[in-house]
Amino acid sequence: MTISKSIENAFNEQINAELFSSYLYLSMSAYFSANNLTGFASWFTIQAQEEVEHAMKMYKFVLERGGKITLKTINAPKADFKNTLEIVEEAYKHELLVTSLITKLYETSLSEKDYASANFLKWFIDEQVEEEANTSQLVEWVKMTEGKASTLMMVDHQMSKRAKD
Ligand SMILES: [Fe+2]
Ligand SMILES: [Fe+2]
């Protein structure tokens with residue numbers, strides 16, 4: 001069964017959302033690099049790369065199903081940030097948004113009886129649980145520092161340990 005036009009379009013939109021996520025995390029990473037928080041910078045660069053992988057997973061799936069890839073304009077992410085807490089809170093909020101998009105895509109697949117797409121999306125549903133947990137933990141960690149630079153450096157060191165998986 002080939003992919004329907006509406007599911008194809010929804011995947012193309014989601015590919016765009018994943019690439020925007022990558023752009024957003026890269027912009028956040030640049031803030032950390034400029035502010036000497038190299039652990040945060042590295043964590044967000046890895047996160048940005050992961051989002052490209054998410055986009056590519058969907059890209060391959062659409063093609064495998066005989067669908068057409070139509071790449072859309074990627075919006076510019078925010079470039080100016082106030083502080084670390086603002087960034088991690090925005091990252092968490094962004095992941096909540098992505099979860100809602102994935103959920104909608106899953107529901108559309110089910111309503112169209114496109115079980116192949118629904119099955120494929122299960123991986124993303126699980127991934128979002130992890131993405132939400134990771135970013136909400138970041139918010140908690142940064143809050144725990146209560147703005148103290150020395151404690152923030154400890155969190156930064158912890159974040160430098162994230163390896164590319
Ligand atoms: Fe993603
Ligand atoms: Fe994500």
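Author: E146 is placed in the loop between α4 and α5, helices being DSSP runs of H or I of at least four residues, numbered from the N terminus. The model is predicted: local features need pLDDT of at least 70, side-chain atom pairs count only at pLDDT 80 or more, and totals for chains, interfaces and linings use all residues. Residues are numbered from 1 along each chain as its sequence is written, and chains are lettered from A and ligands numbered from 1 in the order in which they are written.

Reader: Is E146 buried or exposed?

Author: A residue is buried if 20 or more other C-beta atoms, placed from the backbone, lie within 10 Å of its own, exposed if 12 or fewer, and partly exposed in between. E146 counts as exposed because it has 8 C-beta neighbours inside 10 Å. Its phi is positive, about 45°.

Reader: Which residues of α4 are buried?

Author: They are S117, F120, L121, F124, E131, L138 and V142. At L121 the helix α4 also bends by about 25°, the angle between axes fitted to the seven residues ending there and the seven starting there.

Reader: How is the packing of two helices described?

Author: One gives the angle between their axes and the distance between the axes. Axes are lines fitted to C-alpha atoms, for helices over the stretch in contact, with angles from 0 to 180 degrees between N-to-C directions. For α1 and α3 the angle is about 170° and the axes are 11 Å apart. The pair is therefore roughly antiparallel, a term for angles over 145 degrees.

Note on methods:
Helix = DSSP H or I, 4+ residues; strand = E, 2+ residues; numbered from the N terminus. Parallel < 35°, antiparallel > 145°, perpendicular 65-115°, else oblique.
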